[in-house]
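Here are a few notes to go with the structure, for anyone opening it for the first time. Have a look around before reading on.

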Amino acid sequence: MAGRYPFPASPNGWFGVSASDDLAAGDVRAIHYLGRDLVLFRGEDGSARVFDAHCPHLGANLGVGGRVCGDGIACPFHGWRFDGTGSLVEVPGLDRPPRAGATAWDVCERNGRIFVWHHADTAPPSFDVIDYRPDESEWTGWRSNTYEVRVHVQDLTENIIDRSHFSTVHDMMPPEGQQFEVRFSGASMIVDQRLSVTAVSEVGFEVDTTTTTCGPGIVAVEVSQDPIDMLTYITQTPINDELTEVTLCFSMKRLEDEAATESISELNDRVTNLQFTQDVPIWENKVYRERPIVTKIDGPVAQYRRWFRQFYSNGAERVGT
Ligand code: FES
Ligand SMILES: [Fe+2]
C-alpha cells in the first residue's frame, strides 16, 4: 500500500486462501497471498497444507509441477521430498538428506474454507477461527463470489461500523428506534443492528443482524428472522501491497419449501453482492485519514481503530497515535 496506509498491508491473523471443495486430495496449487508465493496442497491424509512456494534447494516453485507424496510434497525440479511438516525426508540418489525443510504455515480448515495463519513475527495462532453451521447438513451449500479490490482489510471492516454510509451508499434506512450496538471482545468485534433494507421492497424489509469479525480476515453476518437463518461469511485476504481478495459466501438453513429456500438465497445473494459492489468505488479511490472528523452520527471509528491495532506487530502501531 506504498504510502496509502500508515500500517503494513498484511496484519496478523487467519486469512482464507481457498474453498475446501476446490482442493481434492492430491491437488497442488500455486497461490499468491500476503505478498508471498505459496503452495497449497491436500495430502493423501486429507489435510490441506500451505508451504512457502520456493524449494530450499535451487528455488523451484513447488506449486508448479510439484506432486503430493503421502502427507507431503515432492519438488518438480530434482525430486526433493518434504513431509507434511515441511521437513526434507528424501533426496533422490542420496543416502541421507541434509537437514533442511520448506516453511510450513499453520492451516485451519473450517466453514468450507481453508485458512492460513499469518504473523509478521511468526508467532503462533493467538485465536481460533469461529465455527458456524455445526449442523451443516441442514444448511444449503455455499454460494460464493470473489472480488479483487484495491483497499486495505482494515478499511474493509471499518465499513461495518460506518453507519452513516448505509443510507447514502446502500439505500438502507435505519428503522425507528434503531438498534446499533458495537462490542469489542478479543479478536472479535460484534455489531448487533436492526436494518431496513429498501433494496428488497419499497417499504423496507426489517432484519436483525449480528456481524462478528474474527481477526482482520473474517467477517460473519448472521440474520435470524424466524423461520429464516442466514449466514453471509466473508473472507478478506491481502494479495499484495495494493489488492485484497474478498470472497462473499452465503448459506441458509433449508426451509421445508425448497423453492422458497432457493428464491430467498438468490435474493439475498443479489442484495449482498449489490451492496458490496456499491462500496467498491469508494474504497478504491479513498485516502486513509489518520485523524478523521467524526461526528455523533458516525460509528465508533476511533474505538474500532484502537481495537484493530492488536493485529499489527510492535513497531507498526502508529495508527492515530
Ligand atoms: S529445486 Fe527443488 S529439488 Fe531442486
Ligand atoms: Fe458498505
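1. Let's begin with the parts list. The protein chain has 4 helices and 19 strands. Keep in mind while browsing that this is a predicted model.

2. Next, the overall dimensions. Along the principal axes, the C-alpha atoms of the protein chain take up a box of roughly 75 × 55 × 30 Å. The radius of gyration is 22 Å, and that agrees with a compact globule, because one of 321 residues would come out near 20 Å.

3. Of the 321 residues in the protein chain, 49% are buried. The chain exposes about 15,500 Å², and carbon and sulfur atoms supply 47% of that area.

4. What about contacts along the sequence? Taking contacts in the protein chain with a separation of 6 or more, 55% are between residues 24 or more positions apart.

5. Now the charges. The protein chain carries 28 positive and 47 negative charges. Their mean positions lie 7 Å apart.

6. You'll find Ala259 in helix 3, which covers residues 258-285. Is Ala259 buried or exposed? Its relative accessible area is 57%, and exposed means over 50%, so Ala259 counts as exposed.

Notes: Residues numbered from 1 in each chain as written. Chains lettered and ligands numbered in written order. Predicted model: local features only at pLDDT ≥ 70, side-chain atom pairs only at ≥ 80, totals over all residues. Heavy atoms only, no water. Helix = DSSP H or I, 4+ residues; strand = E, 2+ residues; numbered from the N terminus. Rg over C-alpha atoms; globule rule 2.2 N^0.38 Å. Buried < 20%, exposed > 50% of the residue type's maximum accessible area, 1.4 Å probe, protein only. Contact = heavy atoms within 4.5 Å. Areas by Shrake-Rupley, 256 points an atom, 1.4 Å probe, with all protein chains shown as cover. Lys, Arg positive; Asp, Glu negative; His and termini not counted. Charge placed at Lys NZ, Arg CZ, Asp CG, Glu CD.
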